[in-house]
Amino acid sequence: MSKKINKAFGMIFSGILFGSFAGLMIVVILYLFPPAQTEGGSEAENSVTVEQAEHLEAEDEQQENKQEPEVYAQSGEIDATETADSGKESREIAIVTDVTMVVDRVMPSVVSIFGTYMITEDFWGYQFRQEDEGSGSGIIVGENEEELLIVTNNHVVADSTSLSVQFVDEQTCSAQVKGTDADSDLAVIAVNLEELGAETKREIRIATLGDSDSLKVGEPAIAIGNALGYGQSVTTGVISAVNRQDSMNESGESLFLIQTDAAINPGNSGGALLNVYGEVVGINSSKIGGSMVEGMGYAIPISTAKPIIEELMSKKTRVPVSENEKGYLGISGINVTDEVHERYGLPHGVYIAQVYGGTPAERAGLKKGDIITYFDGESVETMEELSVLLDCSQAGSNVQIGVMVAAQYGYEERMIEVVLGGRN
């Protein structure tokens, strides 16, 4: 019995000794190698909302004084990871469908354009001219000392007798054509700064033009424009294709366009196609593609448009002169339509059907059968365009008129100087 008692006490003593030694070793290890403390508390305390993360990121950017473009994403979950790469921080952000921040930023740069136009109706071989109304969109791209400058499509302003622009605060001002380029379907119109109210000047902003050459198929696209003339609206989609070839200009040259599935409807012409940074990457055109397709909208790449826009912005703004001061040529003309061009091979322009005697046209040497293609530095394709340019030309002024004259092997271009006559 005593042996069993001694054995039991021995086992208990050994256990106590082993436990004491193990506890001492744990204390020593914890003293030498203390556990890492989580900065700011527990995991639950360290979790932040998306809004807090965005706010903190914004503060970090301000502290680092970086001028990086804003990235707009949905007000939901953002899949963001940060990795160290050669000492630099990289960030991957999943872009989703909420574009409210882009729209809030860019909408003040987009305008609605309304116009009155003279259209020609052909009825049993007889042509009738009548007044009509239409609408389009534009993008504020600059200003000078006197004018606010807006880019749009040429077909939005072609044949217009009057134009007005409605801004984001719904103020409406009259506008004048500054320059047009029919081949690229681009135009710049101007609004006199004196017509803008103080509130409108505070609300509007000049758009940021991006780089369409860097677009990738599949990236998000946002379209803003005056769809159907109802006012500004927003559609979204992706870049469906880049460098999409389309033969749309009157010279037969191919243009390379951006294709998107963001809806581009009548009235969107001249509006903005944006990337997720709020930069204009294209100028929308509802004329391209037509109504026979769905989910295929087109835009003129901004990298292609930039040099043309800059040239048009430098041109003289054409302001209509009073009725008794308007100049005249003294001709009657017929439009060379696409059908006539294809059937008879005539150049696009205004075919001179008659030159009246004793008029500036006769004195300058214009003849029946000549086709007017340029007037005072502007391309001319219709009698309506020529009439608008004449309405802005002072009687007695010298203008250069470009005409295509029939020659032995087709047509050759000539420049003729004309002194415009008075209409009284």
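Glu 323 counts as exposed, at 52% relative accessibility. Buried means under 20% relative accessible area, exposed over 50%, and partly exposed in between (1.4 Å probe, protein chains only). Lys 326 is buried at 11%. The two form a salt bridge, with their closest N and O atoms 3.1 Å apart. The term stands for a side-chain nitrogen of Lys or Arg within 4 Å of a carboxyl oxygen of Asp or Glu.

This is a predicted model: local features need pLDDT of at least 70, side-chain atom pairs count only at pLDDT 80 or more, and totals for chains, interfaces and linings use all residues. Residues are numbered from 1 along each chain as its sequence is written, and side-chain values use heavy atoms, leaving out hydrogens and water.

The structure holds nine salt bridges. Another joins Arg 318 to Asp 376, at 3.3 Å from N to O. Arg 318 sits in the loop between α7 (302–313) and β15 (327–328), and Asp 376 in the loop between β18 (371–375) and β19 (378–379), so the bridge ties together parts 58 residues apart in sequence. Helices (H or I, at least four residues) and strands (E, at least two) are DSSP runs, numbered from the N terminus. Arg 318 is buried, at 9% relative accessible area. Asp 376 is partly exposed, at 25%.

Arg 414 and Glu 412 also pair, at 3.1 Å from N to O. Both are partly exposed: Arg 414 at 42%, Glu 412 at 36%. Shared partners link Lys 315, Arg 318, Asp 376 and Glu 378 into one salt-bridge network.

Now the nonpolar cores. A nonpolar core is a set of buried Ala, Val, Leu, Ile, Met, Phe, Trp, Tyr and Cys residues joined through side-chain atoms within 4.5 Å. The largest has 29 residues, of which Ile 139, Leu 274, Ile 283 and Ile 309 touch the most other members. Helix α7 gives the most to this core, with five residues. A second, separate core of 20 residues includes Leu 329, Phe 375, Leu 390 and Val 399.

Finally, the surface. Phe 21, Met 25 and Ile 29 form a nonpolar patch there, with about 300 Å² of accessible area together. Accessible areas come from the Shrake-Rupley method with a 1.4 Å probe; for residues, only the protein chains shown count as cover. Patches are made of residues with over 30% relative accessible area and no salt bridge, with like charges joined within 9 Å and nonpolar side chains (Val, Leu, Ile, Met, Phe, Trp, Tyr) within 5 Å. Ile 29 lies in helix α1 (residues 2–32) and is partly exposed at 45%.
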